[in-house]
Amino acid sequence: MKNYYTTLSEEILSVANSGKDTITLRRQLFYIRQAKLEKSLDTDDLKKTFWLNIYKAFYLITLKDTKLGKEIFNLKRIKIARAVFSLNDIEHGILRKYKFRIGYGYITNPFYSDFIKTLAVSRVDYRIHFALRSLNLEKNTIDYFDCEEIEKQLTVLTKDFIKLETEIDNESKTIRVSDFLLSYLRDFGGKKSVKKLLETIFERDLEEYKLRFKTYKRTEKLLKVS
C-alpha cells in the first residue's frame, strides 16, 4: 500500500522526468525523520519502490546539473532524512543489501553506515539491475515505480532490457548478454540461473548454448542521455 514516502518519491521522479524544478520536493526529503522513514518502509516492495524512484530522479537531476561522466555515481548529493547518499549508496548499499561493487555480489561491505543497513532490502531482487539501467532503454514505458505495481513493473523492465541487449547466435550456439550480469553474478544466482532466466524470457531451450558476456557501455549511454 502506498504511503507518504513512496508517493513523494513518485512525485520527485515525475517532476525530474519533466525537467521541472524539484527543489521544494527535495527539501521535504531532507526533513524526513530517519525513524519514520525506517518504520514506513517496512517491506521490500516499499523499499524498492521508494529507492528506485529516488535513484532515477537524482540520476536525471545530477545529469542536468553536471557534465561529469561515471563520477556522478559517487557524488554524495542526495539529501534524505538529514543524511547524504550517493547513487552508489542506493544501488549497492540499500538495493543490493550493502554489497561491494566488485566481487560478483559475493562480498558484503561492512563499512556502510548503520542507517543504510537499516534501510536495506531484506533480500536482493536481481530485477533491480534492469530497473536501474532502464533509463538507457530507447523505449521506457514506466514513468515511475508504484508499490502496488512494482512486481509487474520489474518483470516488464527485465524482459524488455534482456530482449534489447541479448544476442543469440544459433549457428555457434552462443548467447551474449550484458557483462553487468557477470559483475553481479551472485545477485542473479549464478550462471545456471541466468540461463534459466533467458530460457523463460525467450521461451526456448538454451541448454546447449554457451553463455558469453559483452561489454555494457553504461558511461557512453549515460553521456548520450545528457
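## Basis

The model is predicted, so local features need pLDDT of at least 70 and side-chain atom pairs count only at pLDDT 80 or more, while totals for chains, interfaces and linings use all residues. Residues are numbered from 1 along each chain as its sequence is written, and side-chain values use heavy atoms, with hydrogens and water left out.

## The sheet

Three strands make up an open sheet with mixed pairing, in the order β3-β4-β5. Helices (H or I, at least four residues) and strands (E, at least two) are DSSP runs numbered from the N terminus, and two strands pair if DSSP finds at least two bridges between them. Because β3 (167-169) and β5 (210-214) stand at the edges with a single partner strand each, one side of each has no neighbour in the sheet. Neighbouring strands are turned by 25° against each other on average, direction ignored.

β3 pairs with β4 (residues 174-178) in the antiparallel sense over three bridges. Ile168 is placed opposite Ile175 in β4. Helix α11 (residues 191-202) packs on the sheet and touches β3, β4 and β5, and its direction makes about 95° with that of β5. Contact means heavy atoms within 4.5 Å. Axes are lines fitted to C-alpha atoms, for helices over the stretch in contact, and angles run from 0 to 180 degrees between N-to-C directions.

## Contacts of helix α8

The axes of α8 (residues 150-165) and α11 come within 10 Å and cross at roughly 95°, which makes α8 roughly perpendicular to α11. Thr158, Lys159, Ile162 and Lys163 of α8 make the contact with Leu197, Leu198, Ile201 and Phe202 of α11.

α8 also packs with α4, at an angle of about 60° and with the axes 10 Å apart. The two helices are therefore oblique to each other. Angles under 35 degrees count as roughly parallel, over 145 as roughly antiparallel, 65 to 115 as roughly perpendicular and the rest as oblique. On α4, Asp45, Lys48, Thr49 and Leu52 meet Ile150, Glu151 and Leu154 of α8.

## A pocket

The lining of the second largest pocket consists of Ile23, Arg26, Arg27, Phe30, Phe58, Ile61, Thr62, Asp65, Arg77 and Lys79. A pocket is an open set of points on a 1 Å grid over the protein atoms alone, where a 1.4 Å probe fits, with protein on both sides within 12 Å along at least five of seven lines; lining residues have an atom within 4 Å of a point. α2 (23-30) and α4 (44-65) each supply at least two residues of this lining.
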